[in-house]
Amino acid sequence: MKTLSEDIVKKQFAEIFSSYSTDSIQVVKAPGRVNLIGEHTDYNDGFVLPIAINYYTYIAFTPRTNRELHIIAKDFNHALVIINIDEPMQLDPDNGWSNYIRGVIQEMLKKDFTLAGGNFLITGNVPIGAGLSSSASLEIAMIRAMTQLTNQAINPIQAAVMGQAAENNFVGCNCGIMDQLISALGQDNSALLIDCENLTTHTVSIPAHWELLIVHSGVKRGLVDSEYNQRRQQCENAAAHFGKATLREINLEQLFAAEAELDVLSFRRARHVLTENARTLLAADALTTGDMPALAKVMAASHLSMRNDFNITTPSIDTLVDILATAGDGQVGVRMTGGGFGGCVVAIAPSNIIPQLMQAVEQHYQVNTGCIATLIPAKAIAGAFAQ
């Protein structure tokens, strides 16, 4: 992963927008995230346990005298888009990354924020398409930049809700609130237990001698938005059978009692969500007490549920999880993380176990799958509004 800092990004901005000195340039950043457990539960008003990680989207910016945003995406071949704040936002099929920004602008205007024109340089080191929430970190960073440009205060939860709305209402992905909320409110050396029904959070400290290892499977996530939206619809169908808005409002006993009345997929999707909520609470307890065997057990069960009931893993992802679990020998929690259909696996283990996990991936994964993994050591850090 490339090394970035505010000073580096300022210098890059000054080189591109050459009329500005580095003293006049402001920089904001927002982290990506890895979800320890609690997959596809957020839009069902359930529980999630994500961690903000030390990979960021950076935005350097200066004001303009007109109402235009001149935005350069350094990591997309220095692509330039120009957005007029006063014109209706429309999807840009050629610069997909800019649609997250257009969605943010649209939501901020709906909420009557005062917006101003500016020059922006966007760069970062959150892996794109890996399930580590590069899109959410872009949304939160852009909201920070736009409010900082006009010296406006903003509530971090409101920022997260607007970021989510940008994806739901403009980009077209019906994601839940988790990614934006952890990017905004993550805490150093901790996970954040989020109740997505009421957006309350509880900080869960990670034992000092435990470390995170994220492994990109080398499988690019495919059909993510369409499959994600389909899973959400299936969950909503199951909830509607009980006359409820979300699955949070029913329990496992009710679900099993109605199994014969539900189609097979709706039942299995709902079973995953309800059991995943319970697993997430157990994982938070295990993390709090430093009980690795308990954490390993619930993370393994989570992965099986994602594979068998939610059908969002891939053969290569399953193989990667098996390699890490075998190498950890009961001292690692490991599962696929993110929306599914490729992307990353997350592992958490005592520090002395991490080297053998990395070695096992290097020795066995490509041989068994033909895919090339990327090892991504990570730390739990503060979110954009918690820094």
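Helices here are DSSP runs of H or I with at least four residues, numbered from the N terminus. The structure is a predicted model.

**Largest pocket**

- A total of 45 residues line the largest pocket, and those closest to its centre are Tyr100, Ile128, Gly129, Ser134 and Ser135.
- Helix 2 (96-110) is among the elements that supply at least two lining residues each, and helix 2 gives the largest share, 4 residues.
- Two strands also supply at least two residues each: strand 3 (50-63) and strand 6 (118-124).
- Further helices that supply at least two residues each are helix 3 (134-149), helix 4 (156-171), helix 5 (178-185) and helix 6 (224-241).
- By residue class, the lining of the largest pocket holds 20 nonpolar, 14 polar and 11 charged residues.

**Second largest pocket**

- The lining of the second largest pocket consists of 13 residues, and Trp210, Glu211, Ala378, Lys379 and Ala380 lie nearest the centre.
- Two or more lining residues come from each of strand 3, strand 9 (210-216) and strand 12 (374-378).
- Strand 9 provides the largest share of this lining, 3 residues.
- The lining of the second largest pocket divides into 9 nonpolar, 2 polar and 2 charged residues.

**An element in both linings**

- Strand 3 supplies at least two residues to the lining of the largest pocket and gives two or more to the lining of the second largest pocket.

Terms used. Residues numbered from 1 in each chain as written. Predicted model: local features only at pLDDT ≥ 70, side-chain atom pairs only at ≥ 80, totals over all residues. Heavy atoms only, no water. 1 Å grid on protein atoms, 1.4 Å probe; cavity = no way out; pocket = protein on both sides within 12 Å on 5 of 7 lines; lining within 4 Å. Nonpolar A, V, L, I, M, F, W, Y, C, P; charged D, E, K, R; others polar.
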